[in-house]
Amino acid sequence: MGRRGTEPPAGTGATLRRPMSGLGAPLLLALLAAAGGRPARAGDAPPPTTPAPESEAVKVSASLDVDEIAPGVPFTLATVFAVGPGWHIYWENPGDAGLATEARVEAPPGFEVGRVAYPVPERFTSPGDVVSYGYSGEAALLMTVTPPAALPADRPTRMKVVARWLACLDACVPGRLELSLEVPTAPSGRPIQPPDPARLARHRARLPLPAADLRWAEIRRRDAEGETELEVRMKGAGDVDLLPGKGLDVALREVRRGEEAGVAVLGMRLRAPAPGEVLTGVLKLLRDGRPEAYSIEVPASPGGGDPRKVVPP
Amino acid sequence: MSLRAPSFRVAAAAAFLLATGGISFSAAPASAEVGRPAPAFTLPDLDGQEVSLSDFRGRVVVLEWFNPGCPFVKHAHGEGPLKDMARRASGEGVVWLAVNSGAPGKQGHGADVNREAAKAWSMDHPILLDESGKVGRAYGAKTTPQMFVIDSAGVLAYAGGLDNAPLGNPEGGARVDYVSSALADVKSGRSPATPSTKPYGCSVKYGG
């Protein structure tokens, strides 16, 4: 594994250089902090019961699934947030409090950068019934970057990743970091190496699966005057939980869980969303004791009462 | 979150499921609701003087949930919209009250810390201490800064965020100043065009 850098103060630029590779090790681009902090070593992590000091709340690094960029070949860029013991950062929908963790890529003209994919979040509850969603430990925000079909082979590609987050223990500290990446371009005239799926596998495994992969679930949305009900019924699943996506929890009034004849039932009552608004979220559940998570989106019911259903493939 | 096209389709057994399925819900949680009378309260200011909402009957009142240690509050008062908003509104007859529902031992608690912040940010309006969190809970205040606008009839007219720009970064482009809009509407005798938004910020530091 490569080194992981420490987080310099907000706004500080840092340069990432490609480490020596070729041993089959994942290319973890090391962040050389321009100012502040020292490299973190595995040996000096505090015991988990002691919260990390504010300066060690979050360390950010970037990682790719390719060694070199090839024209027209999409690759994945991971912005990895290593969250110190006791601290947490936030999901795309932070919930009642907090701030979405963000990663933005600035790439040369002609590069296309896809949407950020967030890993499955956890739920945090604090006094006063304040519910938020986010991550402790480690979270990687993944983005697909597609280089243009024509790319000069003699020049490395320079990209910038701008990361923003809010880290909270009891109190919160905002952070911002810019990482500069310099990645070689594949020389012309030899076969292009496709992205290595093993490289970001650990991070990919933490993304929710697409709704199309969801089996044996019924998701019904009922829009009534001033109120919407969402009900999820699943066979053979336990601990069903729906973490509301952006927009959904604006109006979350009540959540109920139950079981009817072996079918897990999760109900949510919401203040009616804007007309036509698609409700999104991450559905978490246990199947055969193993956790699963799916991205779901529930469009408004056209006739006002039609349920929507996910059926087995 | 990367979402594929939805794979939902209308279930044939819909009517049956709708008729038989379902779990019942109890009443909505008790917290302040827009369009209903704002919960009454009496709280001490930093000098221990009691201030009641009913003292301001007939006037428009703004409540600003406050924690001087919260980065969102620091931004809003230090360089953001709260730098002079309260002063301008007060000049037009609006009553502006900050409420700190932080419990003892939590960030931003205590008269001295709040007095220092008020001085640093030239806050002219009172900061009320709600150590028990009772008033914060009655209003359903979850974040700082969370804002409430109460009209001259004592009805809650707006509840939600200060604007759409946490730490000065507008979501979706241009900044929308919800509180100023609500105040303008209320003063013109209209219901605010946007009566509630999702508040943002730090969690209110309630006691356990």
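Visitor: Why is helix H2 of chain B called largely enclosed by the rest of the structure?

Guide: The model is a predicted one, and the description rests on a count. Helix H2 covers residues 71-78 of chain B, and six of its eight residues are buried, so the helix is largely enclosed. A residue counts as buried when its relative accessible area is under 20%.

Visitor: Which residues of H2(B) are buried?

Guide: They are B:Pro71, B:Phe72, B:Val73, B:His75, B:Ala76 and B:His77.

Visitor: What do the buried residues of H2(B) pack against?

Guide: Elements of two chains take part: S11 and S12 of chain A, and S4, strand S7 (143-144) and strand S10 (202-203) of chain B.

Visitor: What makes B:Trp65 a buried residue?

Guide: The relative accessible area of B:Trp65 is 0%. The limit for the term is under 20%, and B:Trp65 is therefore buried.

Visitor: Why is the pair of B:Trp65 and B:Phe148 called edge-to-face?

Guide: Its centres are 5.3 Å apart, with 75 degrees between the planes. An angle over 60 degrees counts as edge-to-face, and the pair therefore takes that name. This pair, too, links distant parts of the chain, with B:Phe148 in strand S8 of chain B, 83 residues from B:Trp65. B:Phe148 has 1% relative accessibility and so counts as buried.

Visitor: Which residues do ring pairs link into a cluster?

Guide: The cluster consists of B:Phe41, B:Trp65, B:Tyr139 and B:Phe148.

Visitor: What makes B:Arg137 lie over the face of B:Tyr206?

Guide: B:Arg137 is 4.6 Å from the ring centre of B:Tyr206.

Visitor: Why do strand S6 and strand S9 of chain B count as edges?

Guide: The open sheet of five strands has the order S6-S5-S4-S8-S9 (chain B), with mixed pairing. Strand S6 (127-129) and strand S9 (156-161) each have a single partner strand, so one side of each is left without a neighbour in the sheet. From one strand to the next, the twist averages 20 degrees.

Visitor: How do you know that strand S4 and strand S8 of chain B pair?

Guide: Strand S4 (residues 61-65) and strand S8 (residues 146-150) of chain B share four bridges in the antiparallel sense. At least two bridges are required, and the two strands therefore pair. One bridge joins B:Glu64 to B:Met147 in S8(B).

Visitor: What makes S3(A) mostly covered?

Guide: Seven of the seven residues of S3(A) are buried. On one side these are A:Val58, A:Val60, A:Ala62 and A:Leu64, and on the other A:Lys59, A:Ser61 and A:Ser63. Seven bridges join S3(A) to S4(A) in an antiparallel arrangement, with A:Lys59 opposite A:Ala82 in S4(A).

Visitor: Which residues of the largest nonpolar core touch the most other members?

Guide: Of its 41 residues, these are A:Val58, A:Val60, A:Leu77, A:Phe81, A:Ile89, A:Met159 and A:Trp165. Strands that give two or more residues to this core include S3 (58-64) and S4 (75-83) of chain A, while S11(A) gives the most, with five residues. Another core, of 38 residues, lies apart from it and has A:Cys168, B:Tyr158, B:Leu183 and B:Cys202 among its members.

Definitions and conventions. Residues are numbered from 1 along each chain as its sequence is written. Chains are lettered from A and ligands numbered from 1 in the order in which they are written. This is a predicted model: local features need pLDDT of at least 70, side-chain atom pairs count only at pLDDT 80 or more; totals for chains, interfaces and linings use all residues. Side-chain values use heavy atoms; hydrogens and water are left out. Axes are lines fitted to C-alpha atoms, for helices over the stretch in contact, and angles run from 0 to 180 degrees between N-to-C directions. Rings of Phe, Tyr and Trp (its six-membered ring) pair if their centres lie within 6.5 Å; planes under 30 degrees apart count as stacked, over 60 as edge-to-face and the rest as tilted. Buried means under 20% relative accessible area, exposed over 50%, partly exposed in between (1.4 Å probe, protein chains only). A charge sits over a ring if NZ of Lys or CZ of Arg is within 6 Å of the ring centre and within 35 degrees of the ring normal. A nonpolar core is a set of buried Ala, Val, Leu, Ile, Met, Phe, Trp, Tyr and Cys residues joined through side-chain atoms within 4.5 Å. Contact means heavy atoms within 4.5 Å.
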